[in-house]
Amino acid sequence: MVQRFLWPVCRRASHLARQQYDVIVVGGGHAGTEAAAAASRVGAHTLLVTQKVHTIGALSCNPSLGGVGKGHLVKEVDALDGVCGRAGDWAGIHFSILNRRKGPAVWGPRAQLDRQRYRQFIQSELLSTSRLTVLEGSVEELLVTESNPEEPGCHRVTGIRLAGASLPISAHSVVLTTGTFLSGSLFMGQNTSPGGRIGDAPSSAGMSHTLRERLGLKMGRLRTGTPPRIVKASVDFDQATLHPPDSQPSPFSFLNSHTHCKAEEQLPCYLTYTTPGVDKVVKESLHLNCHIQQDTKGPRYCPSIESRVLRFPGRQHQVWLEPEGLTSDLVYPQGLSMTMPPDMQLHLIREIPALHRAEIHTPGYGVQYDFVCPTQLSPALQVKSTQGLFLAGQINGTTGYEEAAAQGLWAGVNAARAALCMPTMALSRTESYIGVLIDDLVTRGVTEPYRMFTSRAEFRTSLRPDNADLRLTLKGFAEVGCVSSRRYQQTVRVRDSLQDALAALRDVSLSATAWRLKLPRVHISEMKAANPTGLEMLQYNDATFEMLVSVFPECLSPYTEFSQRLKIEAVYRPHCVLQQKEIARIQKEESMSLPQDLDYLSLPVSLSQEVREILDRVRPSTLGAATRLQGVTPAAIAHLFNYVLHSGKKEKRTHRS
């Protein structure tokens, strides 16, 4: 239940009860909130520093959560006891499963959110979290000292200094989740001003300087944007196509059996399209739009309307009219991100039939910001060259709430583990989309804002939204330490029930002829085995678990609450079995660590100069990560494998003697 009033918050550093923390998290966006909550769950005394407490959990851009690929991340964050899934269930006002025409492995759970409800839930959750203190303030600089010679790294971050504060605040680990505020600039037409979000103060320029000059990190610059917010009463919804929500809302969180918003209370979305008039306004306003004229890379998969028109002239583009809340007077026009002058924005949107008399409440604008090239991070999201410094979210070159939340959770977990003298951990790309996300970032880097898609995962039939709890919750409790006993116990119950149900399905069988008589609506193959089991029958597209319950009620009726999960499990089981060999191979490669001090340029093995330079620049943490580097050949991997294996055996013999 969301608290009606916020718990006390420190408004000044001098009011803090302590000046030393295990973990300091800088930034209160999706990455920062998950990082702070995760660090606290692991057991670290954590300080979250944000410019304004009332913007914690704010949805800076679109009022939605999830989608294809992104919904997988939300489910996995929830499976590791994160916050955003439960917040989405509380604040959702339009739930839908995207990609339903395809298999359940690539379904995309998604929800439109009530901005105010979402922010209230996140704030209530954080401000009532044990071992977590929230401080309003702006970080002036990082405290950097000599590194610990017994650990890898050239520097060590030991805390932060706030703007206007005389005393520093110390910490064993610092997590930076600066979003678009790292040397951020706002663009609207030909006007430019410092900042990362309209209405908020810009961050200190000292942070970028420290990262680039003091720590020697390679940095780049990216851009993004947001559309104008439209007055709801000025929209002609009759000229748009109604898109209702799912009749039965599907919760994100494995802890929830239903959403806060009842099915009948959900709001619809509407679909409309651009017209040739939109193209005309874009082209006529280019000379007034300095943001679009620059070379800074923007998001490929969520481009501005200007970028779309210039790239695909003459084409109709979708515009989704999305509600911003149950009582909100505004509409969010998804697909109309723009940075032209406000008067031209009004001309443009009125070229769309449903918006022919629309009024703009807040104009759209663009943002440019610094990011750190993520190949400089370990799979724990720790900066390789700097002890105690972790990065998460858009500072690593990603885009999207879900990608930020996933990184934030994992960075927070590892920052806490490092502070509490526990080894940091990595998630494999064979076990989670979070693992795919982080591995892609740290091994391949980014040339444009990174967005998650199901196509990025090699084992997506195993990494499904429905089984994220079985993949991650048990590990999160037993190995990582970020999952509550309540969630763990529920997942154990689910796991045991599913195993019992699958065993029961294997135990029941009939002849193919008998099955045809019992289930006349299921088209059973003539080539089917003589006595198909219930599990084999469930693999048919038109067979449901409820049908099998009607045939064997005594054996199967205790498991009806898991009917959809059992259906999905049965359909994908043959594919998952076939994938196990490949998964085992990759896990073996990922278990072979590559020493971080390895001198690739002079390694006494047969490697081309190009491969040596790639390995030296990226410095992959494992052999598995090295296999995914562009330009590193299979032959080079074989030579590297043999060298590391031989060196390891030689080192063991030396220790014994």
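1. In what follows, buried means under 20% relative accessible area, exposed over 50%, and partly exposed in between, computed with a 1.4 Å probe on protein chains only. By that scale Cys555 is partly exposed, because its relative accessible area is 40%, whereas Cys290 is buried at 19%.

2. This is a predicted model, in which local features need pLDDT of at least 70 and side-chain atom pairs count only at pLDDT 80 or more, while totals for chains, interfaces and linings use all residues. Residues are numbered from 1 along each chain as its sequence is written, and side-chain values use heavy atoms, with hydrogens and water left out.

3. A search of the whole structure finds 0 disulfides, a disulfide being a pair of cysteine sulfur atoms within 2.5 Å. For Cys290, the closest cysteine sulfur is that of Cys61, and because the two are 19 Å apart they are too far for a bond.

4. Strand 5 covers residues 108-113, and since 6 of its 6 residues are buried, it is largely enclosed by the rest of the structure; strands here are DSSP runs (E, at least two residues), numbered from the N terminus. Gly108, Arg110 and Gln112 point one way from strand 5, and Pro109, Ala111 and Leu113 point the other way.

5. Two strands are taken to pair if DSSP finds at least two bridges between them. Strand 4 (residues 92-98) runs antiparallel to strand 5 and is joined to it by 6 bridges, with Phe95 having Ala111 as its bridge partner. Strand 3 (residues 64-66) is also antiparallel to strand 5, through 3 bridges, and here Gly66 stands opposite Arg110.

Technical notes. Helix = DSSP H or I, 4+ residues; strand = E, 2+ residues; numbered from the N terminus.
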